[in-house]
Amino acid sequence: MSAQTQFELSDPPSDAISALKFAPASLHLLVASWDRNVYLYDTSESDGRLLQTCEHRAPVLDVCFGDNEEDAYTAGLDQDVRQ
C-alpha cells in the first residue's frame, strides 16, 4: 500500500496559507494562515480532521514543532512568537 500524498482538510483556513509543517513522528499538520489562526490537523485519514486552532491578533507567518509534538511555535505579524 502506498502512502497518501494528497489530503483534503475538513475545515480549511478561510484565507491564504503562509506556512505548513508536518510533525516529525506522526501525520499531524500545523498550518499558519492569513486569517490570523494556526490550525492543527490529523492527516492520518483522508478527511484531514481539525484538532485545534489558536488565534493571533494578526496574520500568522510561520509555524514549527518543538522537540516533541506537544510543543508548537508560531510567529505572526502581531510581532508575537508563541508556544
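Predicted model: local features only at pLDDT ≥ 70, side-chain atom pairs only at ≥ 80, totals over all residues.
Select R57 and D80 first: the two form a salt bridge with their closest N and O atoms 3.0 Å apart, a salt bridge being a side-chain nitrogen of Lys or Arg within 4 Å of a carboxyl oxygen of Asp or Glu. R57 sits in the loop between β4 (49-55) and β5, and D80 in the loop between β6 (72-76) and β7 (81-82), so the pair links distant parts of the chain, 23 residues apart. Strands are DSSP runs (E, at least two residues), numbered from the N terminus. R57 is exposed at 60% relative accessible area, while D80 is partly exposed at 23%; buried means under 20%, exposed over 50%, and partly exposed in between (1.4 Å probe, protein chains only).

Residues are numbered from 1 along each chain as its sequence is written, and side-chain values use heavy atoms, with hydrogens and water left out.

Next, select K21 and D62, a salt bridge with the closest N and O atoms 3.4 Å apart. K21 lies in strand β1 and D62 in strand β5 (residues 60-65), so this pair ties together parts 41 residues apart in sequence.

Then go to D42 and R49, whose salt bridge has its closest N and O atoms 3.5 Å apart. D42 is buried at 15%, whereas R49 is partly exposed at 43%. The salt-bridge count comes to 6.

Definitions and conventions: Helix = DSSP H or I, 4+ residues; strand = E, 2+ residues; numbered from the N terminus.
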